[in-house]
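Biologist: I am new to this one. Please show me the structure, and then I will ask about the words used for it.

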Amino acid sequence: MDKMIRSSEQISLFCRLNIHAKRELPIRSSEMGMLIYLVKTEEEKTPNAVARFFKVSKSMATNMTTSLLNNGYIRKKQSETDKRSFCLLPTSKAIRLVEETYEEYFKMMSVLEAKMGEEDFDRLVSLLETANKILLEEKSNG
């Protein structure tokens, strides 16, 4: 049991340290993640694609979309082929915020990679990917 307690404490501490890293953002960190996705990727940029990418519910993606729309960070563009669907496009305000904060947002990951070394860092990320896959499967199954 001591192993499980220690493991749980270490994982919790890691998550808290990363989540509570000093980030002066005018929006929630989940919304910042969505803006980074919209600005930096070539992926499909719809609310459904956002939900799939971040593995959140469609309603969560809709809430983030609504907040970012209301604050002028994104705009909607109706699909030419399917009038019920729309793309999410970052505004110049969003692009500026992402460019100004991108390095700071990922600073902790850069520090970990630099101090752990690339091989250990890659192994950590690989293990986290495996753990996330297992937990997502468990979540889906019940």
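**Rings, burial and crossing helices**

Modeller: Phe-54 is partly exposed, at 29% relative accessibility. This is a predicted model, where local features need pLDDT of at least 70, side-chain atom pairs count only at pLDDT 80 or more, and totals for chains, interfaces and linings use all residues. Residues are numbered from 1 along each chain as its sequence is written, and side-chain values use heavy atoms, with hydrogens and water left out.

Biologist: Why is Phe-54 called partly exposed?

Modeller: Buried means under 20% relative accessible area, exposed means over 50%, and partly exposed is in between (1.4 Å probe, protein chains only). Phe-54 has 29%, so it counts as partly exposed. Phe-53, at 45%, is partly exposed too.

Biologist: What makes Tyr-37 buried?

Modeller: Its relative accessibility is 4%, so Tyr-37 counts as buried.

Biologist: Why is the pair of Tyr-37 and Phe-53 called tilted?

Modeller: Rings of Phe, Tyr and Trp (its six-membered ring) pair if their centres lie within 6.5 Å; planes under 30 degrees apart are stacked, over 60 edge-to-face, and the rest tilted. A search of the whole structure finds three aromatic pairs. In the pair of Tyr-37 and Phe-53, the centres are 4.6 Å apart and the planes stand at 40°, so the pair is tilted. Tyr-37 is in helix α2 and Phe-53 in helix α3 (residues 47-54), 16 residues apart. Helices are DSSP runs (H or I, at least four residues), numbered from the N terminus.

Biologist: What kind of pair do Phe-53 and Phe-54 form?

Modeller: Phe-53 and Phe-54 are edge-to-face, with 85° between the planes and 4.9 Å from centre to centre. Ring pairs join Tyr-37, Phe-53 and Phe-54 into a cluster.

Biologist: How do you know that Lys-40 lies over the face of Tyr-102?

Modeller: A charge sits over a ring if NZ of Lys or CZ of Arg is within 6 Å of the ring centre and within 35 degrees of the ring normal. Lys-40 is at 4.5 Å from the ring centre of Tyr-102. Lys-93 lies over the face of Tyr-73, at 4.6 Å.

Biologist: Why are α2 and α4 called roughly perpendicular?

Modeller: Angles under 35 degrees count as roughly parallel, over 145 as roughly antiparallel, 65 to 115 as roughly perpendicular, and the rest as oblique. The axes of α2 (residues 29-40) and α4 (residues 58-70) cross at roughly 80° and come within 10 Å. The two helices are therefore roughly perpendicular to each other.

Methods: Axes are lines fitted to C-alpha atoms, for helices over the stretch in contact, and angles run from 0 to 180 degrees between N-to-C directions.
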